[in-house]
Amino acid sequence: MRVDVFTIFPDYLAPLELSLIGKARGTGALDLRATDLRDFTHDVHRTVDDTPYGGGPGMVMRPEPWGQALDTVLTPSSLLLVPSPAGRRFDQAMAHELALEEHLVFACGRYEGIDQRVLSHASGVCRVQEVSLGDYVLFGGEVAVLVVLEAVTRLLPGVLGNADSLLEESHAAGLLEAPMYTKPAEWRGHGVPEILRSGDHAKIARWRRDQALLRTAQQRPDLLKQCYDTLDKRDLATL
Ligand SMILES: COc1ccc2nc(C(=O)O)sc2c1
């Protein structure tokens, strides 16, 4: 997967060099390029913003630097993602959708956002999707890019050493993950559920499914409602 990120703070994306994403870049699973939007300005101050038409507080990102930047990468097969409080709520289902794309382009807004004409113009070239992490407002889109790229990259073939872990993790099957334990068996007076040390894999799998159902019912009943139709009689007996 090819990913282009345009931002006025390219150093904000340095964490993407670490850990699994760094490995994914090393193996070629992810071809990530972060570019400073100011490279597409031509004045001495490298200006990327200006006052909003119609007045109001703050500044708006000028269209021309964005136009020139996006001209260098967008093709009809690209998907332009614009982090925005007005965007589609990012979730695991969207991460799976994005993991199937061949070319993602992120336009990181700052200030009060990007001149709307940039998105309108880009929609004549490729698909455009505003995306939000949730119902809160950040200073800009870079944090959203870090979150989206980590969630998507770990879904790319070959990035996770054990692809099976994708099947068990929270939100994978619509439920939260069962609680996890490791050595020692006794820690500060707290033991480990005996079933997990029984070696009976069928019973362990059932216990984990029950725990996932109960945990989801308690902490995220909205998720349980979404996957209720997929539950079998044994699941319903647990609830
Ligand atoms: C100006 O660019 C912004 C500003 C706030 C913001 N908040 C986001 C969120 O996902 O919450 S994305 C985003 C982009």
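Modeller: Let's start with burial: a residue is buried under 20% relative accessible area, exposed over 50%, and partly exposed in between, with a 1.4 Å probe and protein chains only. Arg-110 comes out at 12%.

Biologist: What makes Arg-110 count as buried or exposed, then?

Modeller: Its 12% is under the 20% limit, so Arg-110 is buried. Before we go on: this is a predicted model, where local features need pLDDT of at least 70 and side-chain atom pairs pLDDT 80 or more, while totals for chains, interfaces and linings use all residues. Residues are numbered from 1 along each chain as its sequence is written, and side-chain values use heavy atoms, without hydrogens or water.

Biologist: Fine. Where is Arg-110, and which residues does it touch?

Modeller: Arg-110 sits in the loop between E6 and helix H4 (116–122); helices (H or I, at least four residues) and strands (E, at least two) are DSSP runs numbered from the N terminus. With contact meaning heavy atoms within 4.5 Å, and leaving out residues up to four places away in sequence, Arg-110 touches Ile-8, Phe-9, Tyr-12, Met-61, Phe-139, Gly-140 and Glu-142.

Biologist: Tyr-111 is in that loop between E6 and H4 too. Why is Tyr-111 called what it is on the accessibility scale?

Modeller: Its value is 35%, which falls between 20% and 50%, so Tyr-111 is partly exposed. Tyr-111 also has a phi near 55°, a positive value in a residue other than glycine.

Biologist: Now Thr-7 in strand E1. How do you know whether Thr-7 is buried or exposed?

Modeller: Its relative accessibility is 0%, under the 20% limit, so Thr-7 is buried. The side chain of Thr-7 reaches the backbone nitrogen of Phe-9 at 2.7 Å. A polar contact is a pair of N or O atoms within 3.5 Å; within protein, one must be able to donate a hydrogen and the other to accept it, and sequence-adjacent residues count only if both atoms are side-chain atoms. At 2.7 Å, the Thr-7 pair is inside that limit. Past its neighbours within four places in sequence, Thr-7 is in contact with Leu-13, Thr-35, Asp-36, Leu-37, Cys-108 and Glu-142.

Biologist: What makes a nonpolar core, and how many residues has the largest one?

Modeller: A core is a set of buried Ala, Val, Leu, Ile, Met, Phe, Trp, Tyr and Cys residues joined through side-chain atoms within 4.5 Å. The largest has 32 residues, and Val-3, Val-5, Leu-98 and Phe-106 have the most contacts inside it. Among the elements giving two or more residues are strand E1 (2–7), strand E5 (79–89) and helix H5 (142–153). H5 gives the largest share, 7 residues. In soluble globular proteins, nonpolar side chains tend to be buried together.

Biologist: Which partners does Leu-98 touch?

Modeller: Not counting residues up to four places away in sequence, Leu-98 touches Met-1, Leu-79, Leu-81, Phe-90, Leu-104, Val-148 and Val-152.

Biologist: On to the ligand. Which residues come nearest to it?

Modeller: There are 15 residues around the ligand, and Ser-84, Gly-109, Leu-133, Tyr-136 and Leu-138 come nearest; a residue is near if one of its heavy atoms lies within 4 Å. E5 gives the most to this shell, 3 residues.
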